[in-house]
Amino acid sequence: MQFFSSSPRTRHLASQFAILGIILALIGPLAACGGSNSSDTSTGPVNLTFWSWITGADKAVALWNQTHPNIHVKFSNVGSGPVEYDKLFTGIKANNEPDVAQVEFQVMPTFETTGALVDLAPYGAGALKDKFVPWTWKQDTLDNAIYGIPGDTGPLALYYRADLFTKYHIPVPTTWAQYAEDAAKLHAAAPSTFITDFPPKQPGWFTGLEWQAGARVFTINGQSWKVSINNPQAQQVASYWQDLINKKLIKTEPDFADGWFHDLQSGAVATWITAPWGAGIIEQNAPKTAGDWRVAPIPQWEAGQQVDGNWGGSSNVVFKSTQHPKEAAEFAQWFNTNQGSMELQIKGNALYPAYQPLLDSSLLSGPRPFFGDQKIFDLFKTASTQVDVSFQWGPTMEKVYSDMGDNFANAVNGQGTLGQGLNAVQQSTINDMKKQGFSVSS
């Protein structure tokens, strides 16, 4: 489960002048071909190390090893998200990071800034460009350089309990205004049932919603990063959800926790706005609701629009300390394009590929019995084309996410509002980036 978009030109400008102070202080000068966990023996198979948290990745690596006897890959799951990234930055400092690792889209600019990534263009990666969902390819490119191979995506949709919507005569909403009306109608008819949950410590989810609304949290203005965490579109999204919180029409529990899983199972929440990988979460954790769920396009801010946001997605990157960049690049490309490899990941994690030829896999194209035989991934295939490619991540997203989660948690507990939380994160982000040596404007 994935739990990243920026303009190549603006990211290139950023990497030319912005210095990620803390990270650079951490890593020091980077050698192009320093030490590695890889073997440098001239005889026998090449040995590579690969870090990933995807369920099924170990089986995909086993398939690689069976079919590539001269390049042996050792798989390790060292944790996901910040847990892995902390270990990677420590490895960069010591010049002993893995040969290949999976990183989420939103942290690609951070890793690019370290200078630790191999440009995969000289190893044939450019030939794959037209095979990927266009906006995902832009996550990993910087002018003519290619720093990652996209793996999966997370376009958003509305998972909803069709049985509850039918029982209480609730129409499936096509706009956010209708969604709010449904929330009030549903809760009035069934006081123990809520339209959904607002998870305060899940900023990636909120970012996907503001992405859909047209928010742009980072841009380049001349030679400075322009920080717009509290931009008007983000405030619009915050105000919308704050209103539902104030009216007590939604829950505010942490997601992926026991209480939240119980809500999925019991019907205490009637919808979940999430990505393709959400299908597996529901199936595994609410098995008794089989047949009750359906998926609809995400509600729109204006009737007739067809705009989406994204929550999740990652790439495989190769680090400069590898002693075998050619072989590492070959593996990184194979892992996210080979049908056998990707189908093992789809089976293990309901992963939704960025590699377009695999979107027609029988694992994705057929009806899903759990969802009333709906072909839910046909909907996501369309949604993926509606994600705006111009959304740009900043170079300090892990800190932004941490600050946003803290401020949103305070807001749902009555200490301020979500909008005020965005204002606080705006200022903390500017302060943090200036301390790290970035030129910043707002």
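The following questions and answers walk through a predicted model of one protein chain.

Visitor: How many helices and strands does the secondary structure of the chain come to, and what is its radius of gyration?
Guide: In this predicted model, the secondary structure comes to 18 helices and 13 strands. The globule rule gives 22 Å for 442 residues, and the chain comes close to that value, so it is as compact as a globular protein of that length. The radius of gyration is 22 Å.

Visitor: What percentage of the residues of the chain count as buried, and what box do its C-alpha atoms fill?
Guide: A residue counts as buried when its relative accessible area is under 20%, and by that criterion 59% of the 442 residues of the chain are buried. Taken along the principal axes, the C-alpha atoms fill a box of roughly 70 × 50 × 35 Å.

Visitor: In the open sheet of 5 strands, which strands stand at the edges?
Guide: The strands follow the order β2-β1-β3-β12-β6, with mixed pairing. Two of them have a single partner strand each, so one side of each is left without a neighbour in the sheet. Neighbouring strands of this sheet are turned by 20° against each other on average, direction ignored. The edge strands are β2 (71-76) and β6 (149-155).

Visitor: Which strands does helix α13 lie across, and at about what angle does it run to β1?
Guide: Of the 11 residues of α13, 8 are buried, so the helix is largely enclosed by the rest of the structure; among them are Phe331, Trp334 and Phe335. Helix α13 (residues 325-335) lies across β1, β2, β3, β6 and β12, and its direction relative to β1 is about 45°.

Visitor: At about what angle does helix α3 run to β2?
Guide: Helix α3 (residues 57-67) lies across β1 (46-51) as well as β2. The angle is taken between N-to-C directions and can run from 0 to 180 degrees, and for α3 against β2 it is about 170°.

Visitor: In the open sheet with the order β8-β9-β13, which residue of β13 stands opposite Trp225?
Guide: This sheet of 3 strands has mixed pairing, and β8 (218-221) and β13 (440-441) are its edge strands, each pairing on one side only. Strand β9 (residues 224-227) runs parallel to β13, joined to it by 2 bridges.

Visitor: How far apart are the end C-alpha atoms of helix α8, and within what arc do its buried residues fall?
Guide: With 14 residues at 1.5 Å a residue, helix α8 (residues 176-189) should span 20 Å, and this agrees with its end C-alpha atoms, which are 20 Å apart. Its buried residues line one face of the helix, because seen down the axis of α8 they fall within an arc of 120°.

Visitor: Which exposed residues does the face of α8 turned away from its buried side carry?
Guide: The buried residues of α8 are Trp176, Tyr179, Asp182, Ala183, Leu186 and His187, and what covers them includes β7 (157-161), α7 (162-167), α9 (203-212), α10 (232-246) and β10 (271-274). The face turned away from that buried side carries Ala177, Glu181 and Ala188.

How values were computed
Residues are numbered from 1 along each chain as its sequence is written. This is a predicted model: local features need pLDDT of at least 70, side-chain atom pairs count only at pLDDT 80 or more; totals for chains, interfaces and linings use all residues. Side-chain values use heavy atoms; hydrogens and water are left out. Helices (H or I, at least four residues) and strands (E, at least two) are DSSP runs, numbered from the N terminus. The expected span of a helix is 1.5 Å times one less than its number of residues. Buried means under 20% relative accessible area, exposed over 50%, partly exposed in between (1.4 Å probe, protein chains only). The arc is that of the directions from the helix axis to the C-beta atoms. Contact means heavy atoms within 4.5 Å. Two strands pair if DSSP finds at least two bridges between them. The radius of gyration is taken over C-alpha atoms; the globule rule is 2.2 Å times the number of residues to the power 0.38.
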